[in-house]
Amino acid sequence: MQAKTPKQSKTTLTDVVLPGETNSLHNLFGGELLARMDRAASIAAGRHCRHIVVTASVNHVAFNKAVPLGSVVTVEAKVSRAFKTSMEVFIDVWIEDRQSGDRTKANEGIYTFVAVDDIGKPVLVPEIIPETDLEKQRFDAALRRKQLSLLLSGKMKPIDASELRAFFK
């Protein structure tokens, strides 16, 4: 199985925010944004491993900026790290100014997907080779996030969390 780069999984979804997708303040519903992020991340994970993928967890979502009615929203997703059968996907959400074309980062999220076969059994996924500084930062941090998640869920003992030891000294 040949390793891949994050850019090989890059997925970009662009859409406009319509009235039926907004709350009382005329901003995009958080759940609608989560669904868009999940779709983009699912495509990115599938591109990386070329298998069926299922969402295992939503590890982090930051709603930093409201997304107003009529906004052009771009959701960009890339696999940030691959483990044995799972992949972490980092998602960036951008709002485009309709007049200037300037983009502002509005939100971000980190999802985990598991690759499965036709009957739902997990399958191995290719390694990822980060190229850019940002990809390398996200790659390195992914192992800490995974270990923290396993630690908090009781699936890992603190002594085994090698990437987190510095935080507990």
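A lining residue of a pocket has an atom within 4 Å of one of the pocket's grid points. The legends below use the term in that sense for a predicted model.

**View 1. The second largest pocket and its centre.** This pocket holds about 180 Å³ of space. Its lining has 14 residues. E76, K78, D92, L134 and R138 lie nearest the centre.

**View 2. Elements around the second largest pocket.** β3 (72-82), β4 and α2 each give two or more residues to the lining. β3 gives the most, with 5 residues. By class, the lining of this pocket has 7 charged residues, 6 nonpolar and 1 polar.

**View 3. The largest pocket and its centre.** The volume of the largest pocket is about 450 Å³. It is lined by 21 residues. Closest to the centre are N59, T112, R145, K146 and S149.

**View 4. Elements around the largest pocket.** At least two lining residues come from each of β2 (52-63), β4 (86-96) and α2 (133-152). The largest share belongs to α2, which supplies 8 residues.

**View 5. Residue classes in the lining of the largest pocket.** Nonpolar residues number 10 here. Another 6 are polar, and 5 are charged.

Note on methods: Residues are numbered from 1 along each chain as its sequence is written. This is a predicted model: local features need pLDDT of at least 70, side-chain atom pairs count only at pLDDT 80 or more; totals for chains, interfaces and linings use all residues. Side-chain values use heavy atoms; hydrogens and water are left out. On a 1 Å grid over the protein atoms alone, a cavity is a set of points where a 1.4 Å probe fits but cannot get out, and a pocket is an open set with protein on both sides within 12 Å along at least five of seven lines; lining residues have an atom within 4 Å of a point. Grid points are joined across faces, edges and corners, and a volume is the space filled by probe spheres set on the points. Helices (H or I, at least four residues) and strands (E, at least two) are DSSP runs, numbered from the N terminus. Ala, Val, Leu, Ile, Met, Phe, Trp, Tyr, Cys and Pro count as nonpolar, Asp, Glu, Lys and Arg as charged, and the others, Gly among them, as polar.
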